[in-house]
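The sequence and structure are shown first.

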Amino acid sequence: MEGSTESLRQILCTAPPNWQPPPGPPNPITVLHASLEHLRNTGDEQYLFLRTILEVLALNGYLGGNANSSPTHLTCEMEQLLFHCATGLRHVVLFRWDSYQPSLRACIRDFVLAVGLGLTCNASDSVRLPRTVSMACLSCASSFWKRGWTEDGDSDSRVTNEQQSYLESLIGNVQPDLQRFVSNQDETQQLFAFVNTLLARPFEQQPSIDLQSRQYTGSMTASFLSLLIGEFSGGNSSARYNLPIEFHRLCHHLFESGSDDLSVSVNCNKSGLDSTLHASMAALSSLVGYVLGNASSGAVQFDECFLEMGSNIIDVTCDVLSWEFGASAGKWDFASGSSRRGCYSVLLRPPQRWRDTLINPEFLGAMFSCHKSVRVGRDGDQPR
């Protein structure tokens with residue numbers, strides 16, 4: 001792993017073979033983007049994107065979860081390098097999916113998810129990975145989850161590669177407590193059980209010493225679910241899968257409805273959309289209860305970390321409720337979707353199976369009480 005960052009820097013500052021620079025004075029940014037594109041298109045055979053991520057994070061204290069060490073702030077250069085590595089890693093793995101042994105694919109998927117959620121180190125409230133890097137890692141993880149959604153857990157199990165086996169063991173060594181999702185079980189059920197746990201932690205009655213850390217992880221977990229929905233809906237994805245439109249339609253259908261046919265996939269027997277709904281609604285219920293509990297005690301001021309977490313939970317709930325049911329039945333265009341981020345006009349078309357979850361008088365009443373507590377002052381006439 002040592003020296004990977006420097007090797008990647010040397011490649012990125014060198015013009016690729018047979019590259020014709022645009023007219024005008026030399027521009028290092030142009031060379032950088034041309035070299036990045038060339039490295040992605042040639043498959044990154046030395047695994048520099050992954051090795052550089054591991055090296056930079058390890059050297060700056062973002063791996064291992066060692067209580068005796070704390071991470072340091074990344075320079076702007078390192079932040080940009082990690083961002084390009086995460087996006088490059090996503091591109092390379094998606095395009096060369098079958099050349100990666102399944103265990104390494106799953107290991108990379110689980111690793112970038114943990115990095116994006118902030119689970120790989122004991123970061124303080126003031127020192128965390130830049131949001132651009134965290135979101136790039138979560139986008140990478142959501143793309144890998146979608147790519148493997150329709151696959152059998154034992155697919156391509158005969159693919160072996162010594163260098164890939166070494167990288168897998170390296171990830172395990174630098175992050176021994178990495179949360180892994182076992183491939184011989186239903187990985188998606190494991191994922192959503194894990195997600196539910198992370199979304200519940202900020203509202204548990206625990207010592208407040210790590211409250212902001214739990215809120216941060218809850219916030220990033222909600223962001224990951226929004227990215228996951230965006231991948232499957234086709235409305236908020238920038239990933240290129242190198243697969244035909246039929247793959248995306250099948251993923252859309254299986255994420256929406258699940259499948260009882262084990263010959264199709266062992267990863268999607270249950271609806272991922274239903275699981276996301278239950279996770280987001282449970283988190284929203286906890287959020288409402290938390291706000292009402294603090295409002296009743298007069299403590300209605302919330303810090304920025306809590307507000308960001310609450311906003312992300314509301315966003316992912318809106319994303320679920322805005323799902324276009326039946327869009328995979330021949331009228332769905334993966335390339336023409338548009339993001340609804342920032343737009344709160346939610347078009348509800350829920351299926352009958354969501355009735356018990358959505359039509360809950362106690363929950364609806366609590367929602368209105370929460371809105372009143374947050375938007376209206378204690379005297380009833382001062383908006384907050």
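## Loop residues, helix packing and aromatic contacts

Tyr 47 is located in the loop between α2 (28–41) and α3 (48–59), where helices (H or I, at least four residues) and strands (E, at least two) are DSSP runs numbered from the N terminus. Its phi is near 60 degrees, a positive value in a residue other than glycine. Most residues other than glycine have a negative phi. Tyr 47 counts as buried because its relative accessibility is 5%; buried means under 20% relative accessible area, exposed over 50%, and partly exposed in between (1.4 Å probe, protein chains only).

The model is predicted: local features need pLDDT of at least 70 and side-chain atom pairs count only at pLDDT 80 or more, while totals for chains, interfaces and linings use all residues. Residues are numbered from 1 along each chain as its sequence is written, and side-chain values use heavy atoms, with hydrogens and water left out.

**Overall architecture.** The protein contains 14 helices and 0 strands. Of its 384 residues, 49% count as buried. Among contacts (heavy atoms within 4.5 Å) with a separation of 6 or more, residues 24 or more positions apart account for 77%.

**Other loop residues.** A positive phi near 60 degrees also occurs at Asn 242, again a residue other than glycine. Asn 242 lies in the loop between α9 and α10 and, with 52% relative accessibility, counts as exposed.

The loop between α6 (131–147) and α7 (162–174) holds Thr 160, and Thr 150 is placed in the loop between α6 and α7 as well. Thr 160 is exposed, with a relative accessible area of 65%, whereas Thr 150 is buried at 16%. The C-alpha atom of Thr 160 is separated by 9.0 Å from that of Pro 102, 58 residues apart along the chain. For Thr 150 and Leu 250, 100 residues apart along the chain, the C-alpha atoms are separated by 8.0 Å.

**Helix packing.** Two packed helices are described by the angle between their axes and the distance between the axes. Axes are lines fitted to C-alpha atoms, for helices over the stretch in contact, and angles run from 0 to 180 degrees between N-to-C directions. The table lists two packed pairs.

| Helix pair | Angle between axes | Distance between axes |
|---|---|---|
| α9 and α12 | about 25 degrees | 8 Å |
| α5 (residues 102–117) and α6 | about 145 degrees | 8 Å |

The angle of about 25 degrees between α9 and α12 makes α9 roughly parallel to α12; angles under 35 degrees count as roughly parallel, over 145 as roughly antiparallel, 65 to 115 as roughly perpendicular and the rest as oblique. α9 passes α12 in a left-handed crossing, and the crossing of α5 and α6 is also left-handed. A crossing is left-handed if the near helix is turned anticlockwise from the far one by less than a right angle, and right-handed if clockwise. The contact of α5 with α6 involves residues including Ile 108, Arg 109, Val 112 and Leu 113 of α5 and Cys 137, Leu 138, Ala 141, Phe 144 and Trp 145 of α6.

**Aromatic pairs.** A search of the whole structure finds 12 aromatic pairs. Rings of Phe, Tyr and Trp (its six-membered ring) pair if their centres lie within 6.5 Å; planes under 30 degrees apart count as stacked, over 60 as edge-to-face and the rest as tilted. One of these pairs joins Phe 203 and Tyr 290 edge-to-face, at 5.9 Å centre to centre and 65 degrees between the planes. This pair links distant parts of the chain, with Phe 203 in the loop between α8 (187–200) and α9 (211–233) and Tyr 290 in helix α11 (residues 272–296), 87 residues apart. Phe 203 is buried, with a relative accessible area of 14%, whereas Tyr 290 counts as partly exposed at 24% relative accessibility.

Phe 255 and Trp 323 form a tilted pair, 5.6 Å centre to centre with 45 degrees between the planes. Phe 255 belongs to helix α10 (residues 245–257) and Trp 323 to the loop between α12 (304–321) and α13 (355–358), 68 residues apart. Both Phe 255 and Trp 323 are buried. Together with Trp 149 and Phe 232, Phe 255 and Trp 323 form one aromatic cluster.

**Charges over rings.** A charge sits over a ring if NZ of Lys or CZ of Arg is within 6 Å of the ring centre and within 35 degrees of the ring normal. Arg 109 lies over the face of Trp 145, at 3.9 Å from the ring centre. Lys 146 lies over the face of Tyr 241, at 4.9 Å from the ring centre.
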